[in-house]
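Let's take a walk through this fold, beginning with the sheet and then moving on to the helices. Keep the viewer open as you read.

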Amino acid sequence: MYPESDDLNDYLVSDTVVDWQTPAVRQKALELTRSLPDEVAKARCLYEWVRDRIPHTNDAGLDIVTCTASEVLHHGTGICFAKSHLLAALLRAVNIPAGFCYQVLRFDPPVDNEPVLHGFNAVYLASLDTWIRIDARGNTNGINAQFSIGKEVLAFAMDPEADEFIYEAIFAAPVSSVVYRLKMYRTMHELWPDLPQSL
């Protein structure tokens, strides 16, 4: 695991997708972390809030597609990529560098056996001088992802024999193939069959 940029400021940017300078996003981040003593506690709180309070759109049976952090916060839902955009925005709003990680999984092998891209986050904890990967997808259907400084506890275990893997780069911005699809489709019904298969 390595950051694609050595400049931590790249992981604090507010842009059109990770729009943490939007008042609602910034206020939510400050509201949730105001009473917390340090960056680790803040990062854990924001992670658990997005994981547990923003349902994964498919799990919730909703038909909306969200992309930007402010959209995810406003509508209260998103798929893995969208939730990662919100989590990065909330972290960046309280000056905690956050980036994007991607994993190639296979849908219900061996039935479909089609690869699909999954998105989550990495966060830099300055007090520990380390990056950790965290997955706020949502703990449903047996998933048990956790905020962990020691052993990584992501949503999906890897099966290298099925050609599943995690890209080692920590990206400073969401990859274009993801953003393009989230912007192109208006409904989950349209998006779901066309999820990206790789970067």
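First, some ground rules. This is a predicted model, in which local features need pLDDT of at least 70 and side-chain atom pairs count only at pLDDT 80 or more, while totals for chains, interfaces and linings use all residues. Residues are numbered from 1 along each chain as its sequence is written, and side-chain values use heavy atoms, with hydrogens and water left out.

Start with the sheet. Four strands form an open sheet in the order β4-β3-β2-β5, with antiparallel pairing. (Helices, H or I of at least four residues, and strands, E of at least two, are DSSP runs numbered from the N terminus; two strands pair if DSSP finds at least two bridges between them.) The edges are β4 (130–134) and β5 (165–166), each pairing on one side only. Strand β3 (residues 115–125) is joined to β4 by five bridges in the antiparallel sense, and T130 in β4 is the bridge partner of L125.

Now find helix α5 (residues 80–93), which lies across β2 (98–106), β3 and β4 and runs at about 10° to β3. Contact here means heavy atoms within 4.5 Å. Axes are lines fitted to C-alpha atoms, for helices over the stretch in contact, and angles run from 0 to 180 degrees between N-to-C directions.

How does α2 pack against α5? Helix α2 (residues 39–53) meets α5 at an angle of about 155°, with the axes 10 Å apart. That makes α2 roughly antiparallel to α5 (under 35 degrees is roughly parallel, over 145 roughly antiparallel, 65 to 115 roughly perpendicular and the rest oblique). On the α2 side, the contact uses A43, L46, Y47, W49, V50 and R51; on the α5 side, K83, L86, L87, L90 and L91.

Helix α1 (residues 23–33) also packs on α5, at about 70° with the axes 8 Å apart. That makes α1 roughly perpendicular to α5. V25, R26, K28 and A29 of α1 touch A89, L90 and A93 of α5.

Last stop: the aromatics. The whole structure has six aromatic pairs (rings of Phe, Tyr and Trp, the latter by its six-membered ring, with centres within 6.5 Å; planes under 30 degrees apart are stacked, over 60 edge-to-face, the rest tilted). One of them is Y47 with F147, a tilted pair at 6.1 Å centre to centre and 45° between the planes. Y47 sits in α2 and F147 in the loop between β4 and β5, so the pair links parts of the chain 100 residues apart.
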